Amino acid sequence: MAHIWPIGGGKGGSGKSFITSSLGRLSAGLGRRTLVIDLDLGAANLHTLVGVPYPSKSFSDFLQKKVTRLDDTVVETPFENLFLISGAQDPFDIANLPYEQKIKALRAIMRLDYACILLDLGAGTSFNTLDFFLLSQNGIFITTPEPTSIENVYRLIRSVYFRRIRYCFSVSQFKALEEEAIEQFGEGAFNKPECMMKVIERDHPESYRELQNDFNAFRFRLVINQLHKRDNAVLGLHICRIIEKHMGLGIEFTGNVSYDDHVHDAICQQVSFLDRYPYTKTAGELRAVGRQIFQPAGRQLMLQYV
Amino acid sequence: MRKSFAELNYYEMLDIRPDAAAFEIRQAYDAALQIYQPGSLVSHSFFTDAERREILSLVEKAYRTLIQDQLRKAYDDELVRRGELDAVRETAPAVKKPVGIFSISRGRGRQPAGPNPESLKNRILQSARIRELTGRPALSGEDLKQIREELDVTLEEISQATKIRQDHLINIEEDCFARLPAAVFLKGFVKSYLKYLCLKPAEELAARYMETFARLSQSQRAEENK
Ligand SMILES: Nc1ncnc2c1ncn2[C@@H]1O[C@H](COP(=O)(O)OP(=O)(O)O)[C@@H](O)[C@H]1O
Ligand SMILES: [Mg+2]
């Protein structure tokens with residue numbers, strides 16, 4: 001089964017698509033059949049970053065039943081072993097995908113036959129985005145060292161956490177849990193999954209164990225992108241520390257990727273940054289992030305929700 | 001459920017080992033302030049004002065207790081009674097290098113298998129890039145980072161093996177001079193780092209790093225004062 005890496009977080013422009021395309025190139029460079037999927041349907045641009053300015057097919061061909069297999073929407077890129085499902089010109093916003101369609105898409109992604117699949121999920125926190133995020137336990141969060149972007153990452157992580165809890169309960173049960181958490185921990189608890197977990201521990205020990213097992217298996221990662229020389233280099237480490245300490249979720253700081261004007265240059269010239277500027281600090285850091293992510297290709301347990 | 005912050009013991013709150021020396025406690029306290037202070041980028045939007053106040057007062061209490069030998073001793077005894085510490089410290093807190101006399105019982109260890117020194121030595125011999133970087137008269141943190149990345153070793157690994165906190169290692173590699181520990185510690189850290197990577201001669205390279213560090217940090221300060 002393919003190793004799936006959902007990538008999200010930050011705000012628009014933090015570099016999710018840039019990092020996704022770079023990681024895609026690095027994985028393909030290891031000789032692995034790699035597929036990048038653009039699920040940031042409202043703001044799709046991954047195709048341009050992997051050298052396919054005018055993709056002939058896209059994700060919505062599958063949703064609109066123009067093709068029957070998701071595999072038929074895959075296009076080649078100029079890079080060996082790297083393939084793309086584009087989100088270009090999609091009339092859909094993933095947030096509005098009807099339930100049936102979403103399940104169909106999730107299942108189809110899990111059945112794709114690639115060694116590595118990277119999902120560019122964009123910045124949203126709609127339920128649908130969260131469900132794609134929960135396709136695997138290996139979510140990668142990208143943020144820049146700005147408060148607005150960091151705030152969005154925290155919001156996304158909490159939403160993913162709540163979404164996973166939600167799978168265990170019915171709508172009315174979940175509502176009751178929310179009310180109970182607020183009752184017990186005050187108004188501030190409404191956006192705190194860790195408070196809800198305390199309630200679940202007491203009232204639903206069985207589900208609590210299931211969730212706890214699952215959360216222990218998560219291996220989230222954080223990448224700080226566009227770090228400037230003046231920024232605090234240990235920001236990412238500290239972010240991971242408060243997520244672990246105060247949310248009880250394991251998350252690993254995977255590295256900083258420095259800001260470099262050459263990124264902009266490469267994108268404007270429509271060439272691969274890693275190929276064009278391989279000796280920059282930023283390229284070295286991207287390779288280091290890639291190694292950390294792809295190297296210990298440990299076993300991945302798929303979550304069979306769908 | 002993992003414990004909430006208020007339920008952690010003081011060592012866990014500050015993220016230090018129970019045998020931490022005084023300077024490590026001070027540094028951990030500074031790091032905690034950096035994380036939890038109002039206006040901190042790290043915890044932006046993460047806590048309500050009330051939560052932040054509570055955490056800061058706990059951090060303060062943890063620091064005040066651990067930094068005073070008498071209070072710390074009493075607190076350690078209490079932890080041993082609660083079964084949270086494995087053994088009793090027999091010597092006063094180490095002044096220089098901390099030794100692992102006891103550890104928190106519920107430590108969750110994800111110990112990576114370290115690199116094989118033989119394969120590291122081989123890679124060092126074969127890498128023209130490393131030869132170039134170690135052959136220059138100067139050696140900066142950024143050079144160290146390049147060497148480490150060339151050797152495919154992660155910072156996490158070095159941190160676990162050398163017990164040097166990862167934030168120090170990052171600041172060393174990023175040449176963030178203002179955030180680095182005092183020179184005596186810094187040199188020791190860099191030497192351990194070099195040794196872990198099997199780079200020789202560690203003593204000489206560490207000295208070269210310190211010279212480079214002195215020069216670069218001075219010119220950086222001059223720049224800032226302009
Ligand atoms: N490390 C970096 N250094 C400099 N510029 C960057 C870096 N990463 C991303 N960028 C810039 O940010 C822009 C937005 O990146 P993109 O990947 O499209 O963001 P997102 O997908 O998160 O909206 C890019 O066009 C690029 O110019
Ligand atoms: Mg994008």
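Me: What does the accessible surface of chain B come to, and what share belongs to carbon and sulfur atoms?
Reply: About 11900 Å², with 52% belonging to carbon and sulfur atoms. Areas come from the Shrake-Rupley method with a 1.4 Å probe, and for residues only the protein chains shown count as cover. This is a predicted model, where local features need pLDDT of at least 70, side-chain atom pairs count only at pLDDT 80 or more, and totals for chains, interfaces and linings use all residues. Residues are numbered from 1 along each chain as its sequence is written, chains are lettered from A and ligands numbered from 1 in the order in which they are written, and side-chain values use heavy atoms, with hydrogens and water left out.

Me: How much of chain B counts as buried?
Reply: Of its 226 residues, 45%. Buried means under 20% relative accessible area, exposed over 50%, and partly exposed in between (1.4 Å probe, protein chains only).

Me: How many helices and strands in chain B?
Reply: Chain B has 11 helices and zero strands. Both are DSSP runs numbered from the N terminus: helices are H or I with at least four residues, strands are E with at least two.

Me: Which domains is chain B divided into?
Reply: Domain 1 covers 5-81 and domain 2 covers 117-224; the bounds come from an automatic or database domain assignment. Their centres, taken over C-alpha atoms, are 29 Å apart. Eight residues of domain 1 of chain B are in contact with eight of domain 2 of chain B, contact meaning heavy atoms within 4.5 Å.

Me: Moving on. Which residues have the most contacts inside the largest nonpolar core?
Reply: Ile165(A), Tyr36(B) and Tyr209(B), in a core of 133 residues. A nonpolar core is a set of buried Ala, Val, Leu, Ile, Met, Phe, Trp, Tyr and Cys residues joined through side-chain atoms within 4.5 Å.

Me: Which helix gives the most to this core?
Reply: Helix H6 of chain A (residues 147-167), with nine residues. From chain B, domain 1 and domain 2 each give at least three.

Me: And what does Tyr36(B) touch?
Reply: Leaving out residues up to four places away in sequence, its contacts include Ile242(A), Lys245(A) and His246(A) from chain A, and Phe5(B), Phe47(B) and Leu56(B) from chain B.

Me: What about His238(A): why does this residue count as buried?
Reply: Because its relative accessibility is 1%. His238(A) sits in helix H10 (residues 235-247) of chain A. Apart from residues up to four places away in sequence, it touches Ala31(B), Gln34(B), Ile35(B), Val42(B) and Asp167(B).

Me: Which residues have a polar backbone atom by an oxygen atom of ligand 1?
Reply: Gly13(A), at 2.6 Å, and Gly15(A), at 3.0 Å. Asn225(A) has a polar side-chain atom 2.9 Å from a nitrogen atom of the ligand.

Me: How much of ligand 1 does the protein bury?
Reply: The protein buries 84% of the 560 Å² that ligand 1 exposes when taken alone.

Terms used:
A polar contact is a pair of N or O atoms within 3.5 Å; within protein, one must be able to donate a hydrogen and the other to accept it, and residues adjacent in sequence count only if both atoms are side-chain atoms.
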